[in-house]
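This briefing covers selected local features of one protein model. Please consult the sequence and structure shown below while reading.

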Amino acid sequence: SRPPERPSDVLDVGDVVDVRILALPEGDEPARGLLEQEPKAEAALVAMDPQSREVRAMVGGKGIGAGRFNRAIQARRQPGSTFKPFVYAAAFASGEYSPVSICLDAPRVYRDPWTGKSWKPENYGGRFDGEITLRTALTRSKNLCSVALIDEVGVEAVVDVARKAGIRSPLPKNLTLALGSGDLTVLEIVNAYATLATNGRYAPAVFVRKVVGPDEEVLLEADTEPVQTLRPEVAYQVVSLMQSVVEDGTARAVKELGRPVAGKTGTTNEARNAWFIGFTPQLVAGVWVGFDDNAPLGRSETGGRAAIPIWLDFMQRALEDVPPHEFVAPANIVFAHVDPDTGKLAPPDHEGARTEPFIAGTEPTELVEDGTPVDRGLWEDYE
């Protein structure tokens, strides 16, 4: 059938419809609106100040009214790749890895010692890139590298980092944890990202600052004193990698915000959950999109496609009058100019070289060999 050309093609007098107002009437110009369809999918959003942990905004789903199910704090959903930063944090905390450590992105079969079953994880899109640095691996959200890391550092180490960051929900004790197989609330993973954003300082989320009685007695006061639960330099290295996710990876659309942002997309199997959690030094926000019955959202409905537009629209308004700030490195971080393919020290004029953060004492000392850098070629956006 032909697409409608005028309202009367689809509407009758007396119909009650949802309309988004595009422009109010002005002078001789009539109001302009856009027909809206009642969405079937749900979404949730939590935004908080990472320093004070005060919740600035929360949306638990569509619709209004008391007594509704709040998906931001009551629903637990698989976070997918948004859990990967805690795997990388555990790797950096072990002292055995840095942002330029090499990971082999290639097919491999694991025998999970916790389940006793064989498992062959796959990358989103089915592509493997061979030897790549950990920065590249998180930027491209390589599943194989995350599984290799958790296999090396251990599930318990990853769980410990997640707990220190603020995740309280039960977590699976097997290798699938690397790909976000545990069920979390939007609030707790946003708060855990706030721990990374503040260089490893944890504090609980704050909804109410203080309750004062009629006689001025303080009945309730939030405890907002942060506790250093993760090493500052470890948290900063992870944040640095998450900035590359925005600059060069699966969250490039977020660059439209026009300020330093770190974040991570997430998409679970069959696109049943789509996520983006991102932050500036002043505000952390997380968005989840999915169906209440855990049905697939549809082909290609990734975190980048389904969640980022919501996140970006919110953050553009929330930070409209807030000046941009850079993420500040802690004292124990040193920077070195390195070749992105080998992780070795590179001269300033070395093609493709970048400045990487290292924990003092772990920076590379070997110079890259003379010659043309490896051509890494073109790559697509992978979750």
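**Structural briefing**

Gln282 is located in the loop that lies between strand 14 (273–279) and strand 15 (284–290). The model is predicted.

**Surroundings of Gln282**
- The side chain of Gln282 forms a polar contact of 3.0 Å with the side chain of Thr280.
- A polar atom of the Gln282 side chain also lies 2.7 Å from the backbone oxygen of Pro323.
- Leaving aside residues up to four places away in sequence, Gln282 touches Asp49, Pro50, Arg259, Val322, Pro323, Pro324 and His325.

**Helix 5 and helix 6**
- Helix 5 (residues 186–197) and helix 6 (residues 232–248) have axes that come within 8 Å and cross at roughly 110°.
- Helix 5 is therefore roughly perpendicular to helix 6, because angles of 65 to 115 degrees are placed in that class.
- Helix 5 contributes Tyr193, Leu196 and Ala197 to the contact, while helix 6 contributes Ala235, Val238, Val239 and Met242.
- By class, this contact of helix 5 with helix 6 comprises 7 nonpolar residues, with no polar and no charged residues.

**The largest pocket**
- The volume of the largest pocket is about 520 Å³.
- The largest pocket is lined by 28 residues, of which Asn143, Leu179, Thr267, Thr268 and Asn269 are the closest to its centre.
- By class, the lining of the largest pocket contains 15 polar, 7 charged and 6 nonpolar residues.

Technical notes. Residues numbered from 1 in each chain as written. Predicted model: local features only at pLDDT ≥ 70, side-chain atom pairs only at ≥ 80, totals over all residues. Heavy atoms only, no water. Axes fitted to C-alpha atoms, helices over the stretch in contact; angles between N-to-C directions. Helix = DSSP H or I, 4+ residues; strand = E, 2+ residues; numbered from the N terminus. Parallel < 35°, antiparallel > 145°, perpendicular 65-115°, else oblique. Contact = heavy atoms within 4.5 Å. Nonpolar A, V, L, I, M, F, W, Y, C, P; charged D, E, K, R; others polar. Polar contact = N/O pair within 3.5 Å; in protein donor to acceptor, adjacent residues only side chain to side chain. 1 Å grid on protein atoms, 1.4 Å probe; cavity = no way out; pocket = protein on both sides within 12 Å on 5 of 7 lines; lining within 4 Å. Points joined across faces, edges and corners; volume = space filled by probe spheres on them.
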